[in-house]
Amino acid sequence: YKTMRRRRQSQNEYEFSDDEDHEAFTSASRNEATRQLNTYKISRVKRNHRDEKYLSLANEVFSYLAWQKLGYYIARNDQLECLSLRRCNLSDENMSAFFHGASRNKQIKVLTLYGNSFGAEGMKSLVPFLQHSHNLTSLNVSGNNIETDGFWWLLQGLRNGCIEKLNLRHCELSNMSMLEKQHCYLPNLQVLYLSDNSNIGVDGCSSIASLLRRSDTKMKKFYLNRCKIGDEGVTIIAESLVNNTSLCYLELETNNIRKNGLTALLKLLNNVETIQATYNSNHVLRWISLKGNPSLSHETFNHIDSALKLNQQYVGENYHRVGRAKVRQSQLQSQNRIILSRLQGVDDYFMRPFSTVTSEVVSNYLALVGEDSGLSDLYQFLLGMNSELGFGNCAVGKSI
């Protein structure tokens, strides 16, 4: 009896009456209709209403006690699936008050804390919630200055491996080396936003590359806009994607990418050093956004776009078909081969694609593209080799 009495007293300590809720959870800066709606939503969360799956609050200014109470209401709610608190002045202190109670909730799947004012200490308060939230698949903490220390706390909290979508835009991140540590790996991460962290730079790209290079990565979409990575950073990212079989969408907007960066991306998508290299190029990446970079008018960009369209054309099909299509387009057609070789800086030996051709090269080519090629393709291939192999002026035409 005494235990139950103490428990009821503890519950009463963290609970408001409806009138007190109305006073605590309204903001003088909002209109009356919004205040009434917010109070209504919170009261349904408080009562664990089965139809209240989504709670969204924006531009609210609550007291420390109000955040503490709301955290307690959410802690004992097992119906809420999505929680959004945008620009709500969640300082480090208020984060501590709120997640002191809310950390016990295990049902939330999507959490948005965009545009608040917390830093590393606020992120530290979030860790217990993250560690217990085995259903959480999406987290947005963009627009908060969590910096390197906060990023470290974040990865500690996400070590349960459930997170699939992570938004870290505009978080003043710089040191990304924690991504290289095995115990900080996020095995189910599919979408990562790192845009508007201008201090990531080239060093950060090296750490990001270690994540993209992993054979078990599930990353599908990656956003790295306005991070000052330049040509060197893009080259590091491109090289890490050579054997990647999951990433299909990449944004690199406004990163001062010039000729060398574009060349690295072109080589990733359609490497013309050898027939085998073309065949084994990246066929998974289907979209690259390069808006805001000074080199978009460069002809290399047009060939990147052409390679991406081939990847899109064969999406969902066997990757070997894409490889064969690229070989036909880049190796079979001499003019394309010469242009691509020049753009990629391939040695003069390769600038003459059919010179010094051996029987091994011929058999490799036919083995790679023969399944999808008709007689016209074979004719063009042999015609290109005509003078080199000594068939004579009309030998190819007569033989075909």
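Against which elements do the buried residues of H10 pack? In this predicted model, the buried residues of helix H10 pack against H9, strand S9 (287–289), helix H12 (299–313), helix H13 (319–332) and helix H14 (334–344). Helix H10 spans residues 259–269, and eight of its 11 residues are buried, so the helix is largely enclosed by the rest of the structure. The buried positions are Gly261, Leu262, Thr263, Ala264, Leu265, Leu266, Leu268 and Leu269.

The protein chain as a whole contains 18 helices and nine strands. Of its 400 residues, 49% count as buried. The accessible surface of the chain comes to about 19100 Å², and carbon and sulfur atoms account for 47% of that area. Among contacts between residues at least 6 apart in sequence, 79% join residues at least 24 apart.

In soluble globular proteins, nonpolar side chains tend to be buried together. In the present model, the largest nonpolar core comprises 90 residues. The members that touch the most other members of this core are Ile74, Leu113, Leu126, Leu168, Leu194 and Leu224. For Leu194, neighbours within four places in sequence were set aside, and the remaining contacts are with Leu168, Leu173, Met176, Ile200, Ile208, Phe222, Tyr223, Leu224 and Cys227. Two of these partners, Leu168 and Leu224, are also named among the core members with the most such neighbours.

Ile208, a contact of Leu194, also takes part in the packing of helix H8 with helix H9. Helix H8 covers residues 201–213 and helix H9 covers residues 230–240; the two pack at an angle of about 10°, with their axes 8 Å apart. Because angles under 35 degrees count as roughly parallel, H8 is roughly parallel to H9. On the H8 side, the residues involved are Val202, Cys205, Ser206, Ile208, Ala209, Leu212 and Arg213. These meet Glu232, Gly233, Ile236, Ile237 and Ser240 in H9. By class, the contact has seven nonpolar, three polar and two charged residues. Helix H9 is also one of the elements against which the buried residues of H10 pack.

Ser215 lies in the loop between H8 and strand S7 (221–223). Its relative accessibility is 77%, and because exposed means over 50%, Ser215 counts as exposed. Ser215 and Asn244 are 29 residues apart in sequence, and their C-alpha atoms are 7.1 Å apart in space.

How values were computed. Residues are numbered from 1 along each chain as its sequence is written. This is a predicted model: local features need pLDDT of at least 70, side-chain atom pairs count only at pLDDT 80 or more; totals for chains, interfaces and linings use all residues. Side-chain values use heavy atoms; hydrogens and water are left out. A nonpolar core is a set of buried Ala, Val, Leu, Ile, Met, Phe, Trp, Tyr and Cys residues joined through side-chain atoms within 4.5 Å. Buried means under 20% relative accessible area, exposed over 50%, partly exposed in between (1.4 Å probe, protein chains only). Contact means heavy atoms within 4.5 Å. Axes are lines fitted to C-alpha atoms, for helices over the stretch in contact, and angles run from 0 to 180 degrees between N-to-C directions. Helices (H or I, at least four residues) and strands (E, at least two) are DSSP runs, numbered from the N terminus. Angles under 35 degrees count as roughly parallel, over 145 as roughly antiparallel, 65 to 115 as roughly perpendicular and the rest as oblique. Ala, Val, Leu, Ile, Met, Phe, Trp, Tyr, Cys and Pro count as nonpolar, Asp, Glu, Lys and Arg as charged, and the others, Gly among them, as polar. Accessible areas come from the Shrake-Rupley method with a 1.4 Å probe; for residues, only the protein chains shown count as cover.
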